[in-house]
Amino acid sequence: MGEATLAQPAPWQGARAGAAGRGSVRTYRTARRVAVDVSLVSRGDAQPWTAVGAMLRGKANEELKVLRVWQSGPVAAGSAVQRVVVEAEAATEAPLGSFTLKLWDADMRRTVTLGNITFP
């Protein structure tokens, strides 16, 4: 992504998940791309959880085009903290306002939704 600007870690507001729980959120921005780096921990769910899709939506319902979703490993009982990185195109150099990040697994039954995501 080139040189990036780091935002302060975002607070966990609006986080909902069955398999994954609290961690940290960091956001980055380059001229035309943004990234969200989320640390997830297991809530003890017996089924491992892996994000296969993501959506970043602004308050005015505008969606950023997600380019890739990368995860360090499945979130599972007894596993270490896992990172999920979502990279997206930004229509402008500085996406304004807060965004909601939604992550989902292969069958879309278990999701993680995080609100108040902002970019530097």
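Me: Is Arg110 buried or exposed?
Reply: In this predicted model, Arg110 is buried, with a relative accessible area of 15%. That value falls under the 20% cut-off, so the residue is classed as buried.

Me: Which residue does Arg110 form a salt bridge with?
Reply: The partner is Asp105, and the closest N and O atoms of the two residues are 3.4 Å apart.

Me: And Asp105, buried or exposed?
Reply: Asp105 counts as buried, at 6% relative accessibility.

Me: How many salt bridges does a search of the whole structure find?
Reply: The search finds six salt bridges. One of them joins the side chains of Asp37 and Arg83, with an N to O distance of 2.6 Å. This pair links distant parts of the chain, as Asp37 belongs to strand β5 (residues 33-42) and Arg83 to strand β9 (residues 82-89), 46 residues apart.

Me: How accessible are Asp37 and Arg83?
Reply: Asp37 is buried, with a relative accessible area of 9%. Arg83 has 37% relative accessibility and therefore counts as partly exposed.

Me: What about Asp107, which residue does it form a salt bridge with?
Reply: Asp107 forms a salt bridge with Arg109, and the closest N and O atoms are 2.8 Å apart. Asp107 counts as partly exposed at 43% relative accessibility, whereas Arg109 counts as exposed at 64%.

Me: Which residues are linked in a network of salt bridges?
Reply: The network consists of Arg33, Arg68 and Glu87.

Me: Changing topic to strand β6: why is it described as largely enclosed?
Reply: Strand β6 covers residues 53-58, and five of its six residues are buried, so the rest of the structure largely encloses the strand.

Me: In what sense does β6 pair with β10, and over how many bridges?
Reply: β6 and β10 (residues 99-104) pair in the antiparallel sense, over six bridges. Within this pairing, Met55 stands opposite Lys102 of β10.

Me: How many bridges join β6 to β7?
Reply: Two bridges join β6 to strand β7 (residues 63-64), and these strands run antiparallel. Arg57 stands opposite Glu63 in β7.

Me: What do β6 and β7 form, and how many residues lie between them?
Reply: They form a hairpin with four residues between the strands. Asn61, in the turn, has a positive phi of about 70°.

Me: Now Thr50: where is it found?
Reply: Thr50 is found in the loop between β5 and β6. At 34% relative accessibility, Thr50 counts as partly exposed.

Me: Leaving aside neighbours within four places in sequence, what is Thr50 in contact with?
Reply: Thr50 is in contact with Gln71, Pro74, Trp104, Asp105 and Ala106. Asp105 is also the salt-bridge partner of Arg110. As for Gln71, its C-alpha atom is separated from that of Thr50 by 7.2 Å, although the two residues are 21 residues apart along the chain.

Me: Last topic, aromatics. How many aromatic pairs does a search of the whole structure find?
Reply: The search finds one aromatic pair. Phe99 and Phe119 form this pair, which is edge-to-face, with 5.6 Å centre to centre and 65° between the planes.

Me: Where are Phe99 and Phe119 in the chain?
Reply: Phe99 is in strand β10 and Phe119 is in the segment after β11 (111-117), 20 residues apart, and the pair links distant parts of the chain.

Me: Are Phe99 and Phe119 buried or exposed?
Reply: Both Phe99 and Phe119 are buried.

Methods
Residues numbered from 1 in each chain as written. Predicted model: local features only at pLDDT ≥ 70, side-chain atom pairs only at ≥ 80, totals over all residues. Heavy atoms only, no water. Buried < 20%, exposed > 50% of the residue type's maximum accessible area, 1.4 Å probe, protein only. Pairing = 2+ DSSP bridges. Salt bridge = Lys/Arg side-chain N within 4 Å of Asp/Glu carboxyl O. Contact = heavy atoms within 4.5 Å. Phe/Tyr/Trp six-rings, centres within 6.5 Å; stacked < 30°, edge-to-face > 60°.
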